[in-house]
Amino acid sequence: MRLHFDCTACGRCCNSLRLPLSIREAIQWLEGGGIVQVMCDATPDLPVNEADTANVFRRERSFAANSLSLPIRVRVTLVAAFTGPCPNLLPNKLCGAYDRRPATCRIYPAELRPDADVDPSARLCPPEAWLSNKPLLVRDDCTVADPEIVDAITLARREGISDMSRKLHLTDLLGINVAALANEGFVIWHIDQRLLVSALLKVSAVSLPSDCCSSFWSVASPSVPVREMIGAAGGTACAVKDLEGAEYLSLQRSIDEPAI
Ligand code: SF4
Ligand code: SF4
């Protein structure tokens with residue numbers, strides 16, 4: 001669907017976020033005094049149909065690991081976390097870090113995922129931002145027309161892939177080895193921020209081998225049947241109340257065990 005868009009600088013999209021960051025951006029965010037969390041989720045390592053762009057996209061952003069004898073793919077997402085206004089949001093609702101804002105901010109309200117179309121109803125932008133006299137954002141063939149957003153999407157996709165082996169080594173360095181079951185929730189690790197920036201700088205500085213399979217992971221789930229299913233498949237699972245140094249963010253409405 002053809003869409004026109006121009007940001008009204010209403011500032012609505014700059015509040016109470018977990019804003020995905022590349023490793024490079026996470027270092028910048030931490031050095032600017034912001035808070036970065038490490039979110040982990042995992043899926044069984046199953047063959048992916050190359051025509052399934054959503055699953056290919058997800059697989060490219062995960063690394064291979066083991067949960068006992070169960071091969072899994074772990075996705076590690078670094079996020080800038082804040083409640084209320086972004087620390088960079090100025091009183092006039094403009095971005096105080098405009099030239100160094102993360103790619104996620106540059107891409108909004110477009111989509112990073114190749115399988116997702118831009119949906120104004122799912123965006124916080126007011127109706128006047130989408131008027132037909134505004135610059136073209138999305139062409140009739142659903143491709144993004146704004147060259148700056150296209151550049152940001154290209155960079156974010158490239159960094160998302162190149163960060164993966166570094167994230168495997170990051171989790172080894174930080175002792176992170178529990179992930180939530182994908183689509184059920186996330187395990188959010190609260191790492192000492194000085195330790196995190198030091199580990200991020202370390203994994204950024206060296207050339208690392210690509211995918212390897214050295215880590216042993218546990219899958220956290222609030223659901224007893226899910227934990228039993230993971231165990232029966234050869235993996236190891238833990239209850240979310242047993243997490244240490246991390247919390248569980250549930251994406252489910254109905255769960256067997258309350259998240260902490
Ligand atoms: S970095 Fe700037 S654009 Fe991004 S959320 Fe913060 S204020 Fe908004
Ligand atoms: S919600 Fe939309 S219109 Fe408002 S500041 Fe964010 S991108 Fe701009």
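Which residues lie nearest the centre of the second largest pocket? Let's start there and work through the rest.

## The second largest pocket

This is a predicted model, and its second largest pocket has 14 residues in the lining. Nearest the centre lie E111, C142, V144, I153 and R157. The pocket's volume comes to about 260 Å³.

What sort of residues make up that lining? Seven are nonpolar, five are charged and two are polar.

Next up are helix α4, which covers residues 147–162, and helix α5, which covers residues 164–174. Their axes sit 4 Å apart, and the two helices pack at an angle of about 45°. Because roughly parallel means under 35 degrees and roughly perpendicular means 65 to 115, that angle makes α4 oblique to α5.

Who does the touching? On the α4 side the contact is made by G160, I161 and S162, and on the α5 side by M164, S165 and R166. Sorted by class, the residues of this contact are three polar, two nonpolar and one charged.

## Around the two ligands

Ligand 1 has C14, C86, N88, L89, C95, P102 and C105 around it. In this shell, six residues are nonpolar and one is polar, with no charged ones.

Now for ligand 2. Its surroundings are made up of C7, T8, A9, C10, G11, C13, Y108, L124, C125 and P126. How many residues of each class does this shell have? The count is eight nonpolar, two polar and no charged residues.

Most peptide bonds are trans, and most residues other than glycine have a negative phi. Here are two spots to look at with that in mind.

One is the bond between Y108 and P109, which is a cis peptide bond with omega at about 10°. You'll find P109 in the loop that runs between α3 (103–107) and β6 (136–138). Y108 has come up already, as one of the residues surrounding ligand 2.

The other is S16, a residue other than glycine with a positive phi, near 45°. Look for S16 in strand β2, which spans residues 15–21.

Definitions and conventions. Residues are numbered from 1 along each chain as its sequence is written. Chains are lettered from A and ligands numbered from 1 in the order in which they are written. This is a predicted model: local features need pLDDT of at least 70, side-chain atom pairs count only at pLDDT 80 or more; totals for chains, interfaces and linings use all residues. Side-chain values use heavy atoms; hydrogens and water are left out. On a 1 Å grid over the protein atoms alone, a cavity is a set of points where a 1.4 Å probe fits but cannot get out, and a pocket is an open set with protein on both sides within 12 Å along at least five of seven lines; lining residues have an atom within 4 Å of a point. Grid points are joined across faces, edges and corners, and a volume is the space filled by probe spheres set on the points. Ala, Val, Leu, Ile, Met, Phe, Trp, Tyr, Cys and Pro count as nonpolar, Asp, Glu, Lys and Arg as charged, and the others, Gly among them, as polar. Axes are lines fitted to C-alpha atoms, for helices over the stretch in contact, and angles run from 0 to 180 degrees between N-to-C directions. Angles under 35 degrees count as roughly parallel, over 145 as roughly antiparallel, 65 to 115 as roughly perpendicular and the rest as oblique. Contact means heavy atoms within 4.5 Å. A residue is near a molecule or strand if one of its heavy atoms lies within 4 Å of it.
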